[in-house]
Amino acid sequence: MSETAKLVLGEKTIELPIIKGTEGEHAVDITKLRSQTGYITIDNGYMNTGSCTSDITFLNGEKGILRYRGYKIEDLAEHSNFIETSYLLINGVLPTKRQLDFFNEKIVSFATLPSGITRMLDTFPRDAHPMGVLSAGVAALSAYYPDFLDHDLSDSEKDRAVAQLMAQVKVMMAYFYRRAKSEEPVRSHPSLGYCADFMNMIQYKPGYEVDHEVAKAMNVLLILHADHEQNCSASTVRMVGSSNANVFATISAGIDALWGPLHGGANQAVLEMLETIKKNGGDYKKFIKKAKDKNDSFKLMGFGHRVYKNFDPRANIIKKACDTVLTKLGVQDPLLDIAKGLEEEARSDSYFVERNLYPNVDFYSGIIYRALGIPTNMFTAMFVLGRLPGWLAQWREQVGSPTAKICRPRQIYTGPGVRDYVPVDERK
Ligand code: CMC
């Protein structure tokens with residue numbers, strides 16, 4: 001007999017099914033709790049709520065484990081590249097050479113934007129934040145591909161949506177980057193490979209050649225950002241996708257959710273924080289003190305995580321990559337010394353130790369982006385580029401599930417009881 005949990009509510013005891021994951025995780029299934037008892041569960045900020053079952057990413061925050069489709073993040077960062085990892089996330093298996101080539105060719109075939117989209121990008125102020133531009137641009141793609149508005153897409157149409165977004169988000173970012181600098185756009189050169197092509201599109205000038213180390217570092221960064229199970233933006237993608245909204249609206253919503261500084265926007269916030277510390281003479285101890293002060297809203301950006309309570313495996317890889325990349329590129333960045341000092345200080349401070357606050361993926365990534373020549377306000381857009389295959393995999397899993405339901409949480413109402421309407425001239 002399958003395992004159940006017993007819940008005692010006053011005089012009544014009910015049995016709730018237990019669901020088990022492949023890695024020994026377990027959950028109490030409360031789907032029928034309300035119909036059986038009238039009760040709902042409440043969990044502010046979804047601290048302990050499983051919103052779905054998923055085959056994509058396994059994460060164990062206590063042990064610092066992160067795996068995509070069973071493959072360790074450390075192995076993928078070392079041996080794979082971003083396109084192969086994207087294929088893995090979306091299709092569930094590592095591709096054969098033929099499958100990989102086909103996937104790549106499909107992405108490459110969408111490397112131009114509809115002219116209406118480039119005209120739209122031209123209307124944004126040059127100093128507009130790239131995240132707002134991307135969100136608008138991705139939502140606007142729906143105007144040019146009306147066949148995607150039908151929610152009942154075939155598998156090959158979903159494949160097309162994946163390839164198209166992976167290509168067009170990259171081109172959109174590069175296009176707007178150059179426009180922001182009043183430079184002519186550079187067309188895509190697919191033979192360079194996804195990451196090197198992107199770097200070439202943003203940094204090309206006569207004589208420029210993408211450094212192998214730069215392309216490699218970008219591949220590692222994008223792999224590490226590619227998925228992270230039910231985080232804020234992935235959950236947003238699933239939430240919006242669950243209403244059968246089209247894929248462009250769904251991914252645009254994911255971009256918006258990622259923008260916030262508590263989520264993907266933290267990479268920009270970290271760099272800005274390090275710059276501020278530098279301007280203040282590098283006194284990071286003062287900022288540690290501020291972060292601990294409950295009357296001060298300042299937080300140590302790039303520190304802490306909802307699920308990692310030991311270490312963030314992505315941060316460990318990025319920290320090592322940071323040293324390697326800066327050395328190989330011959331870059332000396334004083335912000336790296338400040339970051340390391342800050343980390344060392346926080347790691348031996350009881351406030352951070354007791355609360356299990358460690359550097360997360362965003363703490364060191366900005367220093368690498370900076371070394372690669374990417375401006376600070378583009379960092380979160382780089383996160384979008386990395387997270388895109390994860391969102392697309394989550395979207396495919398959500399809309400492809402035969403048991404998919406619209407996501408619709410409940411609430412406990414705490415407002416006023418019923419009141420009589422009072423006409424405006426009788427109100428006091
Ligand atoms: N600096 C100072 N104190 C902190 C920090 C921080 N960065 N993070 C958490 N705390 C404290 C918090 O004040 C609370 O203290 P107390 O128990 O005394 O009230 C305790 O630690 C628990 O924090 P929480 O806010 O309840 O934890 P959470 O799981 O709700 O939030 C977090 C997680 C990531 C939003 C939070 O740690 C944070 O704001 N970090 C800084 C922003 C950041 O780096 N975000 C990137 C996250 S990883 C990338 C991604 O999500 O995409």
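Me: Two strands pair if DSSP finds at least two bridges between them. In this predicted model, which residue is the bridge partner of Leu9 in E2?

Reply: The partner of Leu9 is Lys12 in E2. Another residue, Thr4, stands opposite Pro17 in E2.

Me: How do you know that E1 and strand E2 (residues 12–20) are paired?

Reply: Six bridges join E1 to strand E2.

Me: Which strands form the open sheet with E5 in it, and in what order?

Reply: This open sheet has three strands in the order E4-E5-E6, and the pairing is antiparallel. Strand E4 (57–60) and E6 each have a single partner strand, so they stand at the edges and one side of each has no neighbour in the sheet.

Me: How do you know that E4 and E5 pair?

Reply: Four bridges link E4 and E5 in the antiparallel sense. Since at least two bridges are required, E4 and E5 count as paired. Within this arrangement, Phe58 stands opposite Arg67 in E5.

Me: What makes the phi of Arg69 worth a remark?

Reply: Most residues other than glycine have a negative phi. Arg69 is not a glycine, yet its phi is positive, at about 50°. Arg69 is placed in the loop between strand E5 (65–68) and strand E6 (71–72).

Me: Why does Arg69 count as partly exposed?

Reply: Its relative accessibility is 22%. Buried means under 20% and exposed means over 50%. The value for Arg69 falls in between, so Arg69 counts as partly exposed.

Me: Where is Asn356 placed, and why does Asn356 count as partly exposed?

Reply: Asn356 is in the loop between helix H16 (350–354) and helix H17 (361–371). At 27% relative accessibility, Asn356 lies between the cut-offs of 20% and 50%, so it counts as partly exposed. Asn356, a residue other than glycine, also has a positive phi, near 55°.

Me: How many residues are in the largest nonpolar core, and which have the most contacts inside it?

Reply: That core has 120 residues, and Met166, Phe198, Leu274, Leu300 and Leu392 have the most contacts inside it. Helix H7 (residues 155–180) gives the most to the core, with 14 residues. At least three core residues come from each of domain 2 (67–257 + 388–399) and domain 3 (266–371). Leaving aside neighbours within four places in sequence, Leu274 is in contact with Leu335, Ile338, Ala339, Leu342 and Ile367.

Me: How many aromatic pairs does the structure hold?

Reply: The structure holds 11 aromatic pairs.

Me: Why is the pair of Phe148 and Phe248 called edge-to-face?

Reply: The ring centres of Phe148 and Phe248 are 5.5 Å apart and the planes stand at 65°. Centres must lie within 6.5 Å for a pair, and planes over 60 degrees apart count as edge-to-face. Phe148 lies in the loop between helix H6 (130–144) and H7, and Phe248 in helix H11 (residues 247–259), so the pair ties together parts that are 100 residues apart in sequence.

Me: Why does Phe148 count as buried?

Reply: Its relative accessibility is 2%, and the limit for a buried residue is under 20%. Phe248 is buried as well, with a relative accessible area of 0%.

Me: What makes the aromatic pair of Tyr369 and Phe379 tilted?

Reply: The planes of Tyr369 and Phe379 are 40° apart, and the centres are 5.5 Å from each other. Under 30 degrees would count as stacked and over 60 as edge-to-face, so the angle of this pair makes it tilted. Tyr369 lies in helix H17 and Phe379 in helix H18 (residues 379–400), so the pair ties together parts 10 residues apart in sequence. At 0% relative accessibility, Tyr369 counts as buried, and Phe379, at 0%, counts as buried too.

Technical notes:
Residues are numbered from 1 along each chain as its sequence is written. This is a predicted model: local features need pLDDT of at least 70, side-chain atom pairs count only at pLDDT 80 or more; totals for chains, interfaces and linings use all residues. Side-chain values use heavy atoms; hydrogens and water are left out. Buried means under 20% relative accessible area, exposed over 50%, partly exposed in between (1.4 Å probe, protein chains only). A nonpolar core is a set of buried Ala, Val, Leu, Ile, Met, Phe, Trp, Tyr and Cys residues joined through side-chain atoms within 4.5 Å. Domain bounds come from an automatic or database domain assignment. Contact means heavy atoms within 4.5 Å. Rings of Phe, Tyr and Trp (its six-membered ring) pair if their centres lie within 6.5 Å; planes under 30 degrees apart count as stacked, over 60 as edge-to-face and the rest as tilted.
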